[in-house]
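Let's take a walk through this fold together, from the overall layout down to a few individual residues. Please keep the structure open as you read.

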Amino acid sequence: EDLFAEMLAEELRCDLCLALGTSLCDTPSTADRVAVVPALRAMGALPPWPGERIGGLVIVSLQRTRLDDAASLRIYAPLDEVCVA
């Protein structure tokens with residue numbers, strides 16, 4: 001089973017990506033690319049799939065990331081404070 005092929009398929013199907021505690025500093029050839037497609041769809045740079053809800057990208061992290069400007073929601077806070085039950 002090819003995990004990279006699975007990741008590419010998920011990248012195309014993803015309508016909302018939660019980036020929790022990541023710096024999103026990897027190159028576009030790695031798993032961080034999954035965050036880019038929903039962000040681009042939410043900004044209108046890519047068309048949505050028929051019947052798809054456009055959620056975009058949510059980033060929760062203490063540090064700035066290269067995708068902050070593309071995020072639908074950006075939270076600068078520790079994960080344990082954001083994810084309190």
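A word before we set off: what you are looking at is a predicted model. The C-alpha trace spans about 35 × 30 × 25 Å along its principal axes. How does the radius of gyration fit with a compact globule? For 85 residues, such a globule would have a value near 12 Å, and the protein has 13 Å, so the two agree.

Now for a look at burial and surface. Of the 85 residues, 32% count as buried. The protein exposes about 5500 Å², and carbon and sulfur atoms supply 60% of that area. As for charge, there are 7 positive and 13 negative side chains, with the centres of the two sets 6 Å apart. If you count contacts between residues at least 6 apart in sequence, 45% of them join residues at least 24 apart.

Let's step inside. In soluble globular proteins, nonpolar side chains tend to be buried together. Here the largest nonpolar core has 13 residues, and those with the most contacts inside it are Cys17, Ala19, Leu24, Ala35, Leu57, Ile59 and Leu67. Which elements give two or more residues to this core? They are β1 (16-20), α2 (33-43) and β2 (56-60), with α2 giving the most, at three residues.

Just after the helix, look for Gly44, which takes a positive phi of about 85°.

A positive phi turns up again at Leu24, where the value is near 50° in a residue other than glycine. Leu24 is found in the loop between β1 and α2. Is Leu24 buried or exposed? With a relative accessible area of 2%, Leu24 falls under the 20% cut-off, and so counts as buried.

One of the partners of Leu24 is Leu67. Beyond residues up to four places away in sequence, Leu67 touches Leu24, Ala35, Val36, Leu57 and Ile59. Two of the residues on that list, Leu57 and Ile59, will return in a moment.

Our last stop is the loop between β2 and β3 (73-75), where you will find Asp68. Why does Asp68 count as buried? Its relative accessible area is 8%, and the cut-off for buried is under 20%. Setting aside residues up to four places away in sequence, Asp68 touches Ile59, Arg74 and Tyr76.

Ala71 lies in the loop between β2 and β3 too. Leaving out neighbours within four places in sequence, Ala71 is in contact with Leu57 and Ile59. Finally, Ala71 and Leu24 are 47 residues apart in sequence, and their C-alpha atoms are 12 Å apart in space.

Conventions. Residues are numbered from 1 along each chain as its sequence is written. This is a predicted model: local features need pLDDT of at least 70, side-chain atom pairs count only at pLDDT 80 or more; totals for chains, interfaces and linings use all residues. Side-chain values use heavy atoms; hydrogens and water are left out. A nonpolar core is a set of buried Ala, Val, Leu, Ile, Met, Phe, Trp, Tyr and Cys residues joined through side-chain atoms within 4.5 Å. Buried means under 20% relative accessible area, exposed over 50%, partly exposed in between (1.4 Å probe, protein chains only). Helices (H or I, at least four residues) and strands (E, at least two) are DSSP runs, numbered from the N terminus. Contact means heavy atoms within 4.5 Å. The radius of gyration is taken over C-alpha atoms; the globule rule is 2.2 Å times the number of residues to the power 0.38. Accessible areas come from the Shrake-Rupley method with a 1.4 Å probe; for residues, only the protein chains shown count as cover. Lys and Arg count as positive and Asp and Glu as negative; His and the chain ends are not counted. The place of a charge is taken as NZ of Lys, CZ of Arg, CG of Asp or CD of Glu.
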